Every structure is written in structure tokens, then in C-alpha cells.
Amino acid sequence: MIDIALLAIALLVVTLTFGVPLPWCFGAALMTMYFIGDVTMKGMVLWGFQQLGNPVLLAIPLFVLAGTIMSESGIAAALLRFVNAFVGHVRGGLGVVAVVTCAVIGAISGSGLTGVSAIGPLLIPEMEKRGYPRAYATALISNSSILGLLIPPSATMILYGWVTDTSIAACFLATLGPGLLIMFNFSVVNLWMARRFNLVLDEKPTAAEFTGEVVRRGIHAFPALLMPVIILGGIYGGIMTPTESAAVAVIYAIPIGFLIYRGLRLDNFLAAGKNAATAVGAIMLMILFSMILGRMFIYEGIPQQLVSVIFDITENKIVLLILINILLFLVGMVVNDATAILLVAPLLLPLMQALDVSPVQFAAIMGVNTAMGGVTPPYASILYLGARIGNVKVTQVIPPAMILILFGYVPVVFLTSFWPDLSLYLPRLFGY
């Protein structure tokens, strides 16, 4: 039976590679299990629709809507100006602004695409004007946007927690440490790269000018800065569930966008709602098919058979963790982060538990690997979107993007796997 399951997964990957819409790829894998594997589907569809009614999943469309509203509202621009007040006069400082702002945007929206959509049009032309190569600026903002998949709240961690029956708040905290470390690494790599560019810098302000500018921009950015405080404070303070915090994010973003920053108008507000609904519709259909496929695998004992096969090869924990990271990286290269989690998490979780890796640490391992896939060809959806926004060829963006991945991202992948405290310290601190 495991051969048929692997055939179904191979068909899924091949159809994805040829650009078949995601839900139909999962449908093709389902049909393989049904017709070739002779797996019954009695009750499967009804069970799948029951799972879609889970209130936890409501957080995903709400965070998507909050992100689309935020990218249109002017919230991102306010955050950008505030962060730039601190390091705008430092060589490479504007690149650090891009990294940190994308991280903050990700903390609000829970999406990688929101960061590049909101920050790219504002900052790529500005960075080019200051002497950064346009391709490098595009690569930096695209890579930094994947921090939205790691710094909570994260839509992918909501999916992981739901699929594996793990505390979503614990999953949020597990990816926070790796996310902040990647943000730091990107900033350091950017400062090193900036030494090669002929940059135009702001004049160094006096202490009084610096303080006045920080205060002025801080007051303007205060409503935007309150968003992550409300969302994360509500979740970890025990006041709100992730779903309720997502609803609060939407309710808060609307008046802020219309009345304070005034970037929202009726036309782009309705367009944001339409874009969010379209994205969510595809996501939910994909979740339905993937959950039924995962249920079939569990019904046939595929995860347990997979564990047995892998342990027949080797029982060395270090070797197995390296192989699992390579597998997750390869999966992330051909499918998006949500698809990878829905497909791989139920299969590999029993193996990770057999290696004494907790589900919470596995959340971080999956998170950092699948997020990296968003900027690693051939899938690289965030990198392609960044190239489109930056109006540069993807082939020009790939070399600087690979430098950032190699020196800023890959070390964190291995630290997350082999240093459990990086992902488990905060969940333990909060009692998870």
C-alpha cells in the first residue's frame, strides 16, 4: 500500500510542477488512492466538510483579509517611516528598515505575500534611488517577506496546529525564535553587502533632531504599532483565541485605514475583500481534498509503514533529521507552504515523535523549511511576486536571493533542528 501512496504523492508533485491548480492536484492523488489502491471513500467527503466547519480555520480567511486591507491602508508606510528614523543615516540602514518592516508586517498579517505586496512598491524605488541595485533590493524585500510565515500570528502554523492537534499558540511561539534570528541574519548580511554599493546616505542628525524625528514618526505610527500588540497580547494574555484575534485585526484595520491613514477608499476596500475571498476559496478547497487524502493515508497505516521503512535504512537521529530537512526543503521548492504542511505533517509526525522530537519543535522545523521554499525556485511564489513588483527579471533576483538564503537562512534551519531550545524555550516559558 505504501507504493500506491508514494505514487499518489508523486502524481501530486508532478501535476503541481506543470501548473495544475492546487485543488485538482490533490483530487488527482485522491483518485489514485481510490481507483488503484481500492481505498473506500465512504463517509470521507462528509468527514471532510465537517472538518471545514472547525472554528480554528476561520482565522485563516480573517488574517488574509486583515493583510489585504493593511496593504492598501497606509499602515505599512507609517511603519516604514518610523523604523527608518532609527537607521536611515547608517550605511545599509535602509536595507535593515526593509527587513524589520517586513517582519512587523508579517506579525500583523500572518502572510508572506503581504510583506512584499505592501513594502515592495514603496521601498524598492527608494532603495534604488539611494544606490542599491534594483535586483538586490527586490531580493532583500522578497526574502524578508517570508518572515511573515514565521513571526506570529502565522496562517501556516494555524494549519499545522489544526492538522496535528497541537496548541496553535505554542506553534506561534515555536517559530518566533527562528524568525527573529533570520531577521537578524538578513540585517547583518545586508550591512555586509551594502559595503559594495555606492550609497546615498542621510546626514547624521544631532541628538535633538534624532529624538524629535523618532517622536514625531512614532506618534504617526502608533495606531499601526498597536495592531501586533493587540493581536499577540490578546492571544498570549488568554483574552482571545487566534480566531478571535484575527477578527479583531480586521475590525481594527478598517477604521485605521479609512479614518487615520486614509489609504482605504470604498473601491480598494471592496477589491481587498474580493481578493481575500478568491484566495480563501482556493485554500479551503485545497484543505478539503488534502484532509481527505491524509485521512486515507492514516486509514491505511501509511505513516507507520513509512516510519518502519525509514528506520530500516538508519536509526541515527542526526542523519534522519538531516534527511528530513532535505525532504522538507525539496517539498517546499515545488509546493507552497500550506500545501507542504497539509501533505507532509501527518506523514512525518509519527517519525519525529519516534526520534523524540516534540510536535512543537517539529512545527518550527516545518515552518522554517517550507517558508524557505517561498523564495527557492522552481515554486518561489514570493520571489516571483517580488520580481513582478520590482519590475526586474527573476534571473537577476535569484543570485542575491541565494546569498541571503545561504548565509541568513540555512544556518537557522539546522539550528532549529539540532538546538531544541531555539524553538521550545518560549512555549515552555508560557506553559505550553
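Aspartate 165 lies in the loop between α9 (155-164) and α10 (168-194), where helices are DSSP runs of H or I with at least four residues, numbered from the N terminus. The model is predicted, so that local features need pLDDT of at least 70 and side-chain atom pairs count only at pLDDT 80 or more, whereas totals for chains, interfaces and linings use all residues. Residues are numbered from 1 along each chain as its sequence is written, and side-chain values use heavy atoms, with hydrogens and water left out.

Although aspartate 165 is not a glycine, its phi is positive, at about 60°. With a relative accessibility of 73%, aspartate 165 counts as exposed; the term exposed applies over 50% relative accessible area, buried under 20%, and partly exposed in between, with a 1.4 Å probe and protein chains only.

Helix α13 covers residues 266-299, 34 residues in total. From its first C-alpha to its last, α13 reaches 49 Å, close to the 50 Å expected at 1.5 Å a residue; the expected span is 1.5 Å times one less than the number of residues. Helix α8 (residues 134-145) has 12 residues and spans 17 Å between its first and last C-alpha atoms, close to an expected 16 Å. Helix α8 is mostly covered, with 11 of its 12 residues buried. Among the buried residues of α8 are Ala135, Tyr136, Ala137, Leu140 and Ile141.

Tyrosine 136 belongs to helix α8 and has a relative accessibility of 3%, so it counts as buried. Once neighbours within four places in sequence are left aside, tyrosine 136 is in contact with Asn190, Met193, Phe197 and Pro400, contact meaning heavy atoms within 4.5 Å. The side chains of tyrosine 136 and asparagine 190 are joined by a polar contact of 2.7 Å. A polar contact is a pair of N or O atoms within 3.5 Å; within protein, one atom must be able to donate a hydrogen and the other to accept it, and residues adjacent in sequence count only if both atoms are side-chain atoms. Proline 400 is 264 residues away from tyrosine 136 in sequence, yet their C-alpha atoms are 5.8 Å apart in space.

Tryptophan 192 is located in helix α10. Its relative accessible area of 47% makes tryptophan 192 partly exposed. The C-alpha atom of tryptophan 192 is separated by 8.0 Å from that of glycine 92, at a distance of 100 residues along the chain.

Helix α5 (residues 75-87) packs with helix α11 (residues 207-236) at an angle of about 145°, and the two axes are 8 Å apart. Axes are lines fitted to C-alpha atoms, for helices over the stretch in contact, and angles run from 0 to 180 degrees between N-to-C directions. The contact includes Ala78, Leu79 and Phe82 of α5, together with Val214, Arg217 and Ala221 of α11. Alanine 221, in helix α11, is buried, with a relative accessible area of 0%. Apart from neighbours within four places in sequence, alanine 221 is in contact with Ala78, Phe82 and Tyr261.

Threonine 376 is placed in the loop between α17 (359-373) and α18 (381-390). In contrast to the exposed aspartate 165, threonine 376 counts as buried, at 5% relative accessibility. A polar atom of its side chain lies 2.7 Å from the backbone oxygen of methionine 372. With neighbours within four places in sequence left aside, the contacts of threonine 376 are Phe329, Met333 and Ile405.

The structure holds zero disulfides, a disulfide being identified as a pair of cysteine sulfur atoms within 2.5 Å. A disulfide is a covalent bond between the sulfur atoms of two cysteines. Cysteine 102 counts as buried, at 1% relative accessibility. Cysteine 171 is also buried, and its relative accessible area is 0%.

Notes
Helices (H or I, at least four residues) and strands (E, at least two) are DSSP runs, numbered from the N terminus.
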